[in-house]
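Me: Could you take me through how to read the features of a structure like this one, step by step? I would like the general idea before each particular case.

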Amino acid sequence: MGKKSKKEVVGDCAKGAKIFKQKCAQCHTCVESGGNKTGPLLFGLFGRKTGSVGTYDYTAANKDKGIEWNEKTLEVYLTNPKKYIPGTKMIFAGLKKPQERADLIAFLKKETCSD
């Protein structure tokens with residue numbers, strides 16, 4: 001028997017906006033002028049290294065992870081943040097549904113980029 005190929009999940013930005021509002025907005029902002037809240041500012045997220053917003057007090061785990069945020073790393077992180085970065089202070093349990101992660105990533109890509 002051959003391996004099943006994983007069907008690519010396409011994110012819906014509008015659905016991602018709702019997820020962000022429900023699960024992320026109390027701790028994060030996406031707009032450049034938004035600043036940090038309980039969590040760091042997400043503007044400029046894509047292409048940025050973990051633990052690199054200079055005005056935010058990250059844990060050593062976040063600073064030392066050394067990965068660059070992109071669709072792949074966010075997919076893994078948003079599944080289970082504490083598993084991907086043990087020692088993070090982010091209390092969010094994660095999004096178990098692949099479609100919800102894809103929707104949120106689509107929203108973040110649109111809203112956090114300066115382009």
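Predicted model: local features only at pLDDT ≥ 70, side-chain atom pairs only at ≥ 80, totals over all residues.

Me: Let us begin with packing: at what angle do the axes of helix α1 and helix α5 cross, and within what distance do they come?

Reply: Two packed helices are described by the angle between their axes and the distance between those axes. Here the axes of helix α1, residues 13-23, and helix α5, residues 98-112, come within 7 Å and cross at roughly 95 degrees, and therefore α1 and α5 are roughly perpendicular to each other.

Me: Which residues of α1 and α5 meet?

Reply: From α1 the residues are Cys13, Lys15, Gly16, Ala17, Ile19 and Phe20, and they meet Glu100, Asp103, Leu104, Ala106, Phe107, Leu108 and Lys110 of α5. Sorted by class, this contact of α1 with α5 consists of eight nonpolar residues, one polar residue and four charged residues.

Me: Is glycine 16 buried or exposed, and with which residues is glycine 16 in contact beyond its neighbours in sequence?

Reply: Glycine 16, which has its place in helix α1, is buried, with a relative accessible area of 0%. Once neighbours within four places in sequence are left aside, glycine 16 is in contact with Asp103, Leu104 and Phe107. Glycine 16 and glutamate 111 are 95 residues apart in sequence, yet their C-alpha atoms are 10 Å apart in space.

Me: How many residues does the largest nonpolar core have, and which of them have the most contacts inside it?

Reply: In soluble globular proteins, nonpolar side chains tend to be buried together. In this model the largest nonpolar core has 21 residues, and those with the most contacts inside it are Phe20, Leu45, Trp69, Leu74, Tyr77, Leu104 and Leu108. The elements that give two or more residues to this core are α1, α3 (71-79) and α5, with the largest share, four residues, coming from α5. Leucine 108, if residues up to four places away in sequence are not counted, touches Phe20, Cys30, Leu42, Leu45, Phe46 and Cys113.

Me: Where does threonine 59 lie, and what does threonine 59 touch?

Reply: Threonine 59 lies in the loop between α1 and α2 (60-65), and at 18% relative accessibility it counts as buried, because the cut-off for that class is under 20%. Residues up to four places away in sequence aside, threonine 59 touches Gly87, Thr88 and Lys89.

Me: Is isoleucine 91 buried or exposed?

Reply: Isoleucine 91, in the loop between α4 (81-84) and α5, is exposed, with a relative accessible area of 74%. Isoleucine 91 is 52 residues from glycine 39 in sequence, and their C-alpha atoms are 9.9 Å apart.

Definitions and conventions: Residues numbered from 1 in each chain as written. Heavy atoms only, no water. Axes fitted to C-alpha atoms, helices over the stretch in contact; angles between N-to-C directions. Parallel < 35°, antiparallel > 145°, perpendicular 65-115°, else oblique. Contact = heavy atoms within 4.5 Å. Nonpolar A, V, L, I, M, F, W, Y, C, P; charged D, E, K, R; others polar. Core = buried A, V, L, I, M, F, W, Y, C linked by side-chain atoms within 4.5 Å. Buried < 20%, exposed > 50% of the residue type's maximum accessible area, 1.4 Å probe, protein only.
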